[in-house]
Amino acid sequence: MEVIGISTEKGRIRSVKTTDGEVSTSVVVNAGGPYAASIGEMIGVKIPVKPLRRQIFITAPFYLADHPIPLTIDFHRGWYFRQEGDGYLLSGPLDAEPSFNLNTEYDAMVEASENAVYRVPGLEKARIARGWAGLYEISPDHHAILGGVPGVEGFVVANGFSGHGFQHSPAVGKVISELIIDGKALTIDISSLSIERFEKGELMSEPMTAFKE
């Protein structure tokens, strides 16, 4: 089932239109990841999120150390690696232009390998076994966008995690549910992450990202 539209009435969410029919609801949570902006367009709301492809490569089983190796980030190169089963996951490049491209490319594998050997020389003898690509949902300041949207009652956003979404998801699920049920987030104050910060010019710099722009 695919969502093809959202209906509003007098500034309030009324229903969601799908390929299987219309569903009445007073609340819509836009948790569409890289598709957040497209969902916002359904009701004329601009969500400042762009999809950027990141390519990832996995080595064949490879011995590097006697102890587990945690997620390690090289902020200068915008590269990271971590253990993945009996091998290692190596980050490839982040695209400069938005797209929904999910292909992997040879040049990206070369770049990931060069960064790996530069930072962890012991990986020189590792063999790349496979790769895949996914989409980051990038906000202008690399922070999440959480909360209601002015002018459309019942439209809630949880977007723009910029590579932090998996880590933040438990807390985000809790505060968004509180917002819907109790009318506000109770566990933590999410006001600084509202969509209104972009119009007000209250962006928050996030230097600790595993990519360079």
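Predicted model: local features only at pLDDT ≥ 70, side-chain atom pairs only at ≥ 80, totals over all residues.
Colleague: What does the protein chain contain in helices and strands?
Modeller: The chain has four helices and 11 strands. Its C-alpha trace spans about 65 × 35 × 30 Å along the principal axes. Of its 213 residues, 44% count as buried.

Colleague: Why is Asn115 called buried?
Modeller: Buried means under 20% relative accessible area. Asn115 has 10% relative accessibility, so it counts as buried. Asn115 sits in helix H2, residues 106-119.

Colleague: Which residues does Asn115 touch, leaving out those up to four places away in sequence?
Modeller: Arg77 and Trp79. Contact here means heavy atoms within 4.5 Å.

Colleague: Why is Pro121 called exposed?
Modeller: The cut-off for exposed is over 50%. Pro121 has 55% relative accessibility, so it counts as exposed. Pro121 lies in the loop between H2 and strand E9 (128-138).

Colleague: How far apart are Pro121 and Ile195?
Modeller: They are 74 residues apart in sequence. In space the separation is 43 Å, C-alpha to C-alpha.

Colleague: Which residues touch the most other members in the largest nonpolar core?
Modeller: Ile47 and Phe155, in a core of 16 residues. Strands E2 (12-18), E10 (145-149) and E11 (152-159) each supply at least two residues of this core. E11 gives the most, with three residues.

Colleague: What is Ile47 in contact with, leaving aside neighbours within four places in sequence?
Modeller: Its contacts are Asn30, Ala36, Ala37, Gly40, Phe155, Val157, Asn159 and Ile195. Another core lies apart from the largest one. That other core has 12 residues, among them Val156, Val172, Ile176 and Ile190.

Colleague: How do you know that E6 and E7 pair?
Modeller: Pairing needs at least two bridges. Three bridges join strand E6 (residues 72-74) to strand E7 (residues 79-84), so they count as a pair. The two strands run antiparallel. Thr72 stands opposite Phe81 in E7. Their hairpin has four residues between the strands, and Gly78 takes a positive phi near 65°.

Colleague: What makes E7 and E8 a pair?
Modeller: The cut-off is again at least two bridges. E7 and strand E8 (residues 87-94) share four bridges in the antiparallel sense, so they meet it. Glu84 has Gly87 in E8 as its bridge partner. This hairpin has two residues between the strands. Gly85 in the turn has a positive phi of about 65°.

Colleague: How much of the contact set in the protein chain, at a separation of 6 or more, comes from residues 24 or more positions apart?
Modeller: Such residues account for 65% of those contacts.

Methods: Residues numbered from 1 in each chain as written. Heavy atoms only, no water. Core = buried A, V, L, I, M, F, W, Y, C linked by side-chain atoms within 4.5 Å. Buried < 20%, exposed > 50% of the residue type's maximum accessible area, 1.4 Å probe, protein only.
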